Amino acid sequence: MARLALLSVSNKTGIVDLARSLVEEFDFDIISSGGTAKTLKDAGIPVTKVSDYTGSPEILGGRVKTLHPRIHGGILARRDLEAHIQDLADNDIRPIDLVVVNLYPFEETIAKPGVTLADAVEQIDIGGPAMLRAASKNFAHLTVLCNPDQYDGYLQELRGNDSPSLEFRQQCALKGFLHTASYDNAIAAYLAGTETEGLPATYTVSGTQIQSLRYGENPHQPATWYQTGTKPTGWAGATKLQGKELSYNNLVDLEAARRIIAEFRESPAATVIKHTNPCGTAEADTIFEAYQKAFNADSVSAFGGIVALNRPIDAATATELTKTFLECVVAPGCDQQAQEILTKKGKVRVLTLPDLLTGPKETVRAIAGGLLVQTADDIVADTSKWQVVTERQPTPAELAELLFAWKVCKHVKSNAIVLSKDRTTLGVGAGQMNRVGAAKIALEQAVDQTQGAFLASDGFFPFDDTVRSAAAAGITAIVQPGGSVRDKDSIQAANELGLLMVLTGVRHFLH
């Protein structure tokens, strides 16, 4: 008796070629449903509709068609159990040797602007996951394929052995379960998001491997890059114009760079990152000037850094980028002349990412026995809500400079202090155990440029010591969250020393 294949796919890529090979090379019979059956019939491939095979019509507008004992009995039967074989014979059920199923495009649907809940619910597949799970469970006796990129491998197995190996079938089963798990996760995440503004009671995450990385943070740590969702977005959707493969640390630094540069939209801006902290960040009238200012803010640390630009790379900027060793450069675009110039530094990874300013809605961190999930710190600073607490009032230019320093400080590891002038960082004190130490590092970096500079702190001042050391170095204005029981001490010191101080009412710790 000919072998039997069940083909029922939403994504019809390659299905006609697969079906033709199954019929012409290996004498398979094919049963199929709905649009897949029509596609095969139109291509001249002999096919039996599921409804004709089961003797039960498709009902409810196609919602019920494969949920039938002749389908699931043929999938789930164990060929090594006499009782199962007898059940098939008694009920006129043929064993199914191949199940080819992929699911309704749920994630593609919910990604469309203006999609309604009803639209999304209609794209929740029922029969598909049931067949995938059944076939994956019974991999000892049949093969399940859920992705067009598996078709050639399956045909090669048939051509080599006339029957796929157990190892191949088990690998396919794993992909089947991963596919349904990811699908269910997307549905659950979507429905959770429609019912609450906070985080859901159950949080799941899944991904598909994009690339096995050489190693993680260190050579002894294996690492892999996974993509969430079916459509490549974020770094999975970036275009690499040149350079070596991205490493784990590259990707971590690139994301840190993306978060900073996403703060700046109105003016050209550039940032240089080392170990997730900015060496230099700057705004200017052109992207060329912005990069020059950001690089010169700390040219020593910038060596081997990661650069992010919020405007496309032009020829002048490309020329500047080739003047030092950089690990990665990312921008929304890169013109042709700039690409040609950058090839002089062929090992530098150059990426374009049109949605560079768009990031995830949550951050996830693994801890022993669980996950920590929080909404992204994507609050937009509103200077109209800031409180000026000193006798000295800010000019519009001073307020703009404080806003620049505050945006950068938000993305520096706590405790964090950032000094700036002319929309350029002068000194960055990152990840210190106390705020005085962070201020000391930032002031030492700025050397002799602190006169008239601005200071941002990611957390409040518990004492007035940082205010006094800043004033002694020539700092003219400070922005900080406030909220300490001793705020009055820092405010009094600022008034005494003639400083401007603004409280944001918002803290930006970054651990």
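1. **Basis.** The model is predicted, with local features needing pLDDT of at least 70 and side-chain atom pairs counting only at pLDDT 80 or more, while totals for chains, interfaces and linings use all residues. Residues are numbered from 1 along each chain as its sequence is written, and side-chain values use heavy atoms, with hydrogens and water left out.

2. **Overall form.** The protein chain has 19 helices and 21 strands. These are DSSP runs numbered from the N terminus (helices: H or I, at least four residues; strands: E, at least two). The radius of gyration is 30 Å, well over the 24 Å that the globule rule gives for 511 residues, so the chain is more spread out than a compact globule. That radius is taken over C-alpha atoms, and the rule is 2.2 Å times the number of residues to the power 0.38. The C-alpha trace spans about 95 × 50 × 40 Å along its principal axes.

3. **Burial and contacts.** Of the 511 residues, 45% are buried. Buried means under 20% relative accessible area, exposed over 50%, and partly exposed in between (1.4 Å probe, protein chains only). Take the contacts between residues at least 6 apart in sequence: 56% join residues at least 24 apart. A contact means heavy atoms within 4.5 Å.

4. **Helix 1 with helix 2.** Helix 1 (residues 15–26) packs on helix 2 (residues 34–42) at about 65 degrees, with axes 10 Å apart. Axes are lines fitted to C-alpha atoms, for helices over the stretch in contact, and angles run from 0 to 180 degrees between N-to-C directions. The two helices are therefore roughly perpendicular. On the scale used, angles under 35 degrees are roughly parallel, over 145 roughly antiparallel, 65 to 115 roughly perpendicular and the rest oblique. Ile15, Val16 and Ala19 of helix 1 meet Thr36, Thr39 and Leu40 of helix 2. The contact residues are four nonpolar, two polar and no charged. Here Ala, Val, Leu, Ile, Met, Phe, Trp, Tyr, Cys and Pro count as nonpolar, Asp, Glu, Lys and Arg as charged, and the others, Gly among them, as polar.

5. **Helix 1 with helix 9.** Helix 9 (residues 151–161) packs against helix 1 at about 10 degrees, with axes 10 Å apart. The pair is therefore roughly parallel. The contact divides into eight nonpolar, one polar and two charged residues.

6. **Helix 17 with helix 18.** Helix 17 (residues 435–446) and helix 18 (residues 465–472) pack at about 15 degrees, with axes 9 Å apart. They are therefore roughly parallel. Their crossing is right-handed. Arg435, Val436, Ala439 and Leu443 meet Asp465, Thr466 and Ser469. Three of the contact residues are nonpolar, two polar and two charged.

7. **Helix 4.** Arg70, Ile71, His72, Gly74 and Ile75 are buried in helix 4 (residues 69–76). Their cover includes strand 1 (4–9), helix 3 (50–54) and helix 8 (127–137).

8. **Single sites.** Thr476 lies in the loop between helix 18 and strand 20 (477–480). Thr476 is buried because its relative accessibility is 18%. Its contacts, not counting residues up to four places away in sequence, include Arg392, Phe454 and Leu499. Ala181 sits in helix 10 (residues 166–195). Ala181 is partly exposed because its relative accessibility is 42%.

Key: Left-handed = near helix turned anticlockwise from the far one by under 90°.
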